[in-house]
Amino acid sequence: MQPPRFSARSELASLQRYNSGLTLDDVAQRAGGRRIAKLGSNENPHGPGAAVREAMADAISRPFVYPDPSARALAAEIAGATGLAGERVVFGDGSEDLLNVLARAVLRPGDEVVTLFPSFPLHEDYAVMMGARVTRIELTQERRIDMEALLAAVARPVRLTLIANPMNPAGVWLAPDDLNALLAAQHPDSLLCLDEAYVEYAAGADYVSCLDRLGAHDKPLLVLRTFSKAHGLAALRIGYGVSNSDDVIGAMNLVRTPFNVNGVAQAAALAAMQNTDEMVTAVAETVRERKRMATALTGMGLEVLPSKGNFLFVNCARPSVEVADQLIDLGVIVKPWKQAGYENFLRVSVGLAWENDQFLDALVCILKGRP
Ligand SMILES: *Cc1c(COP(=O)(O)O)cnc(C)c1O
């Protein structure tokens, strides 16, 4: 018997499954017993600190209780840390979930969504899912954010502008003046969303979080954060959005599932916000390693984009799918970029020192043609 046919929504026809990156199990066979450097998913391999591990263990001992549907304790903690109202926080089962919720809450067929390119694919995919049109602002020849094009785009009444700052995969970011110019140029009828998944790695005089601008901004703004990256909790799936608009938060809360954030994730995130020492230490080490890797890669004659994330975007001057495939045999997972114009780029996460060394050594071998 043939499996029965069924037509899903036509908007889905142009979508492809998200490229989630390889798992350790996926590559174990090919790596021939080597320790595997998992540098494809921008995780924090240091993991969470002791207090967070304790909070998780405590929470998992009560699996039969539904979680708090509003994550009130965590919302209060975020409100305290940011000086913003706890009622203007919305939680997601990872910030990917929030991107999906945002799209379903605000996008209508034909609406225009502005994104940066090369992009975090989900910024585009969920817009397409809703039948919206995506306008990409491409990096300039010098691989900088094209501020002129971006400011012109956001001055129009587009429905939504969705920007990762720092950008994933490119790693580049909006300088404080550029962020101010963006906020000033925003059309008052349009929603601006800054996805700050890597904010902890971006600190410095040349970066400012949009959260610091939220209280004083008079146009609809949404800032997304996650516990998956610097906080080392990717497996638990928890992220949050903060807005200056009750309408935006209200709509997202209507659209999301009521218990979308599990109880272990809520407990872990709360402990993570209250105990940041280990996270800060791990971030500092990652930032040092990021610099060391960038120097080594540049020394190999490769183009490396400046990055404020826990990853680097590297032009390996040949198809990165092939390079990434050869890297697997040497026990290294990276993410080859497949979007048009960036097929020679790979994104490599900054891992532990031994992982980064394993990547650098393997890449030297591959580029010299002796894997
Ligand atoms: C990793 C990442 C996310 C997803 O984070 P989760 O909270 O794990 O869903 C969101 N946005 C960007 C730009 C990312 O790189």
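Strands here (E, at least two residues) and helices (H or I, at least four) are DSSP runs, numbered from the N terminus, and two strands pair if DSSP finds at least two bridges between them. The structure is a predicted model, in which local features need pLDDT of at least 70 and side-chain atom pairs count only at pLDDT 80 or more, whereas totals for chains, interfaces and linings use all residues. Residues are numbered from 1 along each chain as its sequence is written, and side-chain values use heavy atoms, with hydrogens and water left out.

Val304 stands opposite Val314 in E10. The loop between strand E9 (303–304) and strand E10 (311–315) contains Asn310. Asn310 has a relative accessibility of 0% and therefore counts as buried; the term buried denotes under 20% relative accessible area, exposed over 50%, and partly exposed the range in between (1.4 Å probe, protein chains only). A polar atom of the Asn310 side chain lies 3.0 Å from the backbone oxygen of Asn42. This is a polar contact, defined as a pair of N or O atoms within 3.5 Å; within protein, one must be able to donate a hydrogen and the other to accept it, and residues adjacent in sequence count only if both atoms are side-chain atoms.

A further set of strands pairs in another part of the chain. Strand E3 (residues 112–117) pairs with E5 in the parallel sense over three bridges, and the bridge partner of Val113 in E5 is Leu160. Strand E5 (residues 160–164) has five of its five residues buried, so it is largely enclosed by the rest of the structure. In a regular strand the side chains alternate between the two faces of the sheet. In E5, Leu160, Leu162 and Ala164 point one way, Thr161 and Ile163 point the other way, and all are buried.

From E5 the pairing continues to E6, which runs parallel to E5 and is joined to it by five bridges. Ile163 stands opposite Leu194 in E6. Strand E6 (residues 191–195) is in turn joined to E7 by four bridges, and these two strands also run parallel. Cys193 has Leu222 as its bridge partner in E7.

Strand E7 (residues 221–226) is mostly covered, with six of its six residues buried. Leu221, Val223 and Arg225 lie on one side of E7 and Leu222, Leu224 and Thr226 on the other, and all of them are buried. The pairing of E7 with strand E8 (residues 239–243) is antiparallel and extends over five bridges. Val223 has Val242 as its bridge partner in E8. Strands of a sheet pair through backbone hydrogen bonds, either parallel or antiparallel.

The number of disulfides in the model is zero.

The ligand has 13 residues around it, of which Ser95, Tyr198, Thr226, Ser228 and Lys229 come nearest; a residue is near a molecule or strand if one of its heavy atoms lies within 4 Å of it. The shell divides into four nonpolar, five polar and four charged residues. In this division Ala, Val, Leu, Ile, Met, Phe, Trp, Tyr, Cys and Pro count as nonpolar, Asp, Glu, Lys and Arg as charged, and the others, Gly among them, as polar.

A polar backbone atom of Ser95 is 2.6 Å from an oxygen atom of the ligand, and an N or O atom in the side chain of Asn168 is 2.7 Å from a ligand oxygen atom. A nitrogen atom of the ligand is 2.6 Å from an N or O atom in the side chain of Asp195. Of the 390 Å² of accessible area that the ligand has on its own, the protein covers 95%; accessible areas come from the Shrake-Rupley method with a 1.4 Å probe, and for residues only the protein chains shown count as cover.

Conventions. Disulfide = S-S within 2.5 Å.
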